[in-house]
Amino acid sequence: MRILKLGGSVVTHKDEYMSEHTENIKRLAEEIAEAGAYPLIIVHGGGSFGHPLAKKHGIAGGMVDKSQVFGFSETHQAMVKLNEIIVDILLNAGVPAFSFSPSSMLRTDGKRLNDLDTGLIKEYIELGMVPVLYGDAVLDSQQTFAILSGDQLIAKLSNDLGADGVIFGSDVDGIFTDNPKLNPEARLLESVSISGNDANVGDTTHTDVTGGMRGKLSEAAEAVKGGADVLMVNAFVPGRVKAALRGEKVIGTVLTL
Ligand code: ADP
């Protein structure tokens with residue numbers, strides 16, 4: 001079983017509020033259909049849908065004021081909208097996508113997802129469907145609510161379902177020695193050890209409440225520890241996600257123990 005992450009930077013125009021990247025989503029849906037690498041779970045990020053609202057209403061820090069409740073709903077609803085767009089396009093491309101709303105099936109505890117009942121997800125996979133989940137505004141046992149990143153969700157799904165491979169599709173070729181968007185001298189690292197310190201991994205250059213590449217790497221490390229092959233690739237480059245899904249060698253970063 002594989003898990004594919006479609007980063008918020010890939011499925012939305014990150015600098016334009018609530019603007020989906022239709023062209024990328026359509027191309028990726030076709031690549032996923034052509035790869036036919038099932039069983040598969042897809043998780044997407046929030047990009048310009050979830051993050052600006054989560055930031056505006058301070059959702060990631062939990063509830064300090066009742067007035068945030070409306071913003072919590074708005075943040076979730078923005079993600080529902082993006083998810084609907086993505087699932088519709090996947091279905092049109094012939095991928096048997098099935099939407100799962102994380103906030104309806106889990107809660108975090110101090111921002112961490114410790115307990116996830118994967119029974120239902122497993123049943124859908126066994127029927128041949130492709131569950132599509134996303135980073136979401138969720139209830140939290142300690143701080144009333146929180147933002148669960150798609151990246152944290154992936155690590156948990158990978159470990160609980162015993163995924164063989166996890167592919168993170170983002171807007172850069174992989175992990176560089178430094179942020180390639182800010183430093184033109186940054187070099188792509190073909191492999192990065194999760195215990196080493198090979199890269200200066202920083203935040204995203206966009207509004208992201210869940211920590212950019214640094215957060216992604218620490219969540220991905222959990223999947224590596226659980227035994228999955230983890231690969232970071234550029235989902236903007238046509239054919240790369242398809243090749244990665246097929247298990248072909250592609251430009252990207254492999255995470256190792
Ligand atoms: P996504 O939305 O696709 O999940 P993010 O925008 O959260 O991804 O994180 C990817 C971004 O992380 C890149 O676009 C880049 O700006 C930033 N980044 C920071 N440090 C690094 C690094 N060392 N290597 C690669 N990307 C980095």
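**Entry 1: E9 and its neighbours**

I started at E9 and E10, which pair in the antiparallel sense over 3 bridges. For the labels, helices (H or I, at least four residues) and strands (E, at least two) are DSSP runs, numbered from the N terminus. I call two strands paired if DSSP finds at least two bridges between them.

A note on what I'm looking at: this is a predicted model, where local features need pLDDT of at least 70, side-chain atom pairs count only at pLDDT 80 or more, and totals for chains, interfaces and linings use all residues. Residues are numbered from 1 along each chain as its sequence is written, and side-chain values use heavy atoms, with hydrogens and water left out.

Back to E9. Val230 stands opposite Leu255 in E10. I then checked the pairing with E7, which is parallel over 6 bridges. Val230 turns up again here, as the E9 bridge partner of Val166. Further along, Gly169 has Val233 as its bridge partner in E9.

Is E9 enclosed or open? I count it as largely enclosed by the rest of the structure, because 5 of its 6 residues are buried. Buried means under 20% relative accessible area, exposed over 50%, and partly exposed in between (1.4 Å probe, protein chains only).

**Entry 2**

Next I wrote down the strand order: E3-E4-E2-E1-E7-E9-E10-E8, an open sheet of 8 strands with mixed pairing. The edge strands are E3 (97-99) and E8 (191-193), each of which pairs on one side only. From one strand to the next, the twist averages 25°; axes are lines fitted to C-alpha atoms, for helices over the stretch in contact, and angles run from 0 to 180 degrees between N-to-C directions.

**Entry 3: E4**

I looked at E4 (residues 130-134) and found 5 of its 5 residues buried. Both faces are covered, with Val130, Val132 and Tyr134 on one side and Pro131 and Leu133 on the other. E2 (residues 40-44) runs parallel to E4, joined by 3 bridges, and Ile42 stands opposite Val132. E3 is also parallel to E4, again over 3 bridges, with Ala97 and Val130 as bridge partners.

**Entry 4: the E5-E6 hairpin**

How many residues link E5 to E6 in the hairpin? I get 3. The two strands, E5 (136-140) and E6 (144-148), run antiparallel and share 5 bridges. Ala137 stands opposite Ile147 in E6. Since 4 of the 5 residues of E5 are buried, I note that strand as largely enclosed by the rest of the structure.

**Entry 5: the largest pocket**

The largest pocket comes out at about 380 Å³. The nearest lining residues to its centre, out of 22, are Val230, Leu231, Glu248, Val250 and Val254. Strands E7 (165-170), E9 (229-234) and E10 (253-256) are the elements that give two or more residues to the lining.

My working definition: on a 1 Å grid over the protein atoms alone, a pocket is an open set of points with protein on both sides within 12 Å along at least five of seven lines, whereas a cavity is a set where a 1.4 Å probe fits but cannot get out; lining residues have an atom within 4 Å of a point. Grid points are joined across faces, edges and corners, and the volume is the space filled by probe spheres set on the points.

By class, I find 12 nonpolar, 4 polar and 6 charged residues in the lining. Here Ala, Val, Leu, Ile, Met, Phe, Trp, Tyr, Cys and Pro count as nonpolar, Asp, Glu, Lys and Arg as charged, and the others, Gly among them, as polar.

**Entry 6: H6**

I checked the length of H6 (residues 150-161): its 12 residues should span 16 Å at 1.5 Å a residue, and the end C-alpha atoms are 16 Å apart, which agrees. The expected span is 1.5 Å times one less than the number of residues. H6 is largely enclosed by the rest of the structure, because 10 of its 12 residues are buried. Among them are Asp151, Lys156 and Leu161. Just after the helix, Gly162 takes a positive phi of about 65°.

**Entry 7: two single residues**

Asp115 sits in the loop between E3 and H5 (119-126) and is exposed at 64% relative accessible area. From Asp115 to Lys156 I get 8.8 Å, C-alpha to C-alpha, across 41 residues of sequence.

Ala35 belongs to H2 (residues 22-35) and counts as buried at 14% relative accessibility. Its C-alpha is 26 Å from that of Glu219, 184 residues apart along the chain.
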